[in-house]
Amino acid sequence: MRTPQAAIATPPSDTEGTMEHEPSSGHTSGPGVGPDSGPDSGPNAGHSVRTRSQHQRRKRIVQAAAALASRGGVEAMQMRTVAERAGVALGTLYRYFPSKMDLVVAVVGEEIDLLESSIERRPPSASTPAGRAVDVLMRATRGLMREPELADALIRSLILAEVETPFGDRMAGLLLRVSAGGIGRDQASEEQIALAGSLSSIWVQELLEMLRGRRTYEQIQRRIEIASDRLLSDF
């Protein structure tokens, strides 16, 4: 369901550009895609060129899908239309992404990549775990709300997804890293993982309420602050 942009409160501007569709290095995984093998010389030169071409092709596809979704939601992400916009054959698109939901998941991955890059460039400066978590989640909110059609499409599709999606786990992992001194999921306790996952889920639900016009940006921030204080008090 598409949400009229006028019904959504405009969040404060953020010069960092978190989760916006800006040029990025693209993904280095996916069907037929592997790490670059090195300089274009020696016996691996041909493989290196092919791999870079695959990276670029996959990146074009994901960017084309995101651009279409930002204007018309998931309904606009028709596979044939995405292929045409990306300049690839329909069969090539299906080799990279066997279904539309696989493509939606890839777009979400691109969004999280951009958020993680932003966090690396400008880590949260709050003195408490809860404050750092709020910083991350509100940066993500500002970025997504710049393209409400895309945000609506991605979040609704992931809730209804029939394929495994990385969204919740990746957001929870990011919250763990910024809130608990850089620890990963393998170092965190079961309780810490569960609390970070709960906070991530609350944020997704609040975003949906904002997209429906039932929350303002300020209301979301306040509710996220309360939830963070309660859930991360023992971090």
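**Exercise 1.** Does Glu 209 count as buried or exposed, and at what relative accessibility?

*Solution.* The model is predicted. Step 1: the relative accessibility of Glu 209 is 10%. Step 2: buried means under 20% relative accessible area, so Glu 209 counts as buried. Step 3: Glu 209 forms a salt bridge with Arg 212, and their closest N and O atoms are 2.8 Å apart. Step 4: Arg 212 is partly exposed, at a relative accessible area of 35%.

**Exercise 2.** State which residue forms a salt bridge with Arg 139, and describe the pair.

*Solution.* Step 1: the partner is Asp 135, with 2.7 Å between the closest N and O atoms. Step 3: Arg 139 counts as buried at 1% relative accessibility, whereas Asp 135 is partly exposed with a relative accessible area of 24%.

**Exercise 3.** Describe the salt bridge between Glu 225 and Arg 222.

*Solution.* Step 1: the closest N and O atoms are 3.5 Å apart. Step 2: Glu 225 and Arg 222 are three residues apart in helix H9 (residues 217–231), which means a separation of about one helical turn. Step 3: Glu 225 counts as partly exposed at 24% relative accessibility, and Arg 222 counts as partly exposed at 48%.

**Exercise 4.** Assign the sides of helix H2 (residues 79–86).

*Solution.* Step 1: the buried residues are Met 79, Val 82, Ala 83 and Ala 86. Step 2: these residues cover an arc of only 100 degrees around the axis, so they lie on the same side of H2. Step 3: exposed Arg 80 and Glu 84 are on the face turned away from the buried side.

Key. Residues are numbered from 1 along each chain as its sequence is written. This is a predicted model: local features need pLDDT of at least 70, side-chain atom pairs count only at pLDDT 80 or more; totals for chains, interfaces and linings use all residues. Side-chain values use heavy atoms; hydrogens and water are left out. Buried means under 20% relative accessible area, exposed over 50%, partly exposed in between (1.4 Å probe, protein chains only). Helices (H or I, at least four residues) and strands (E, at least two) are DSSP runs, numbered from the N terminus. The arc is that of the directions from the helix axis to the C-beta atoms. A salt bridge is a side-chain nitrogen of Lys or Arg within 4 Å of a carboxyl oxygen of Asp or Glu.
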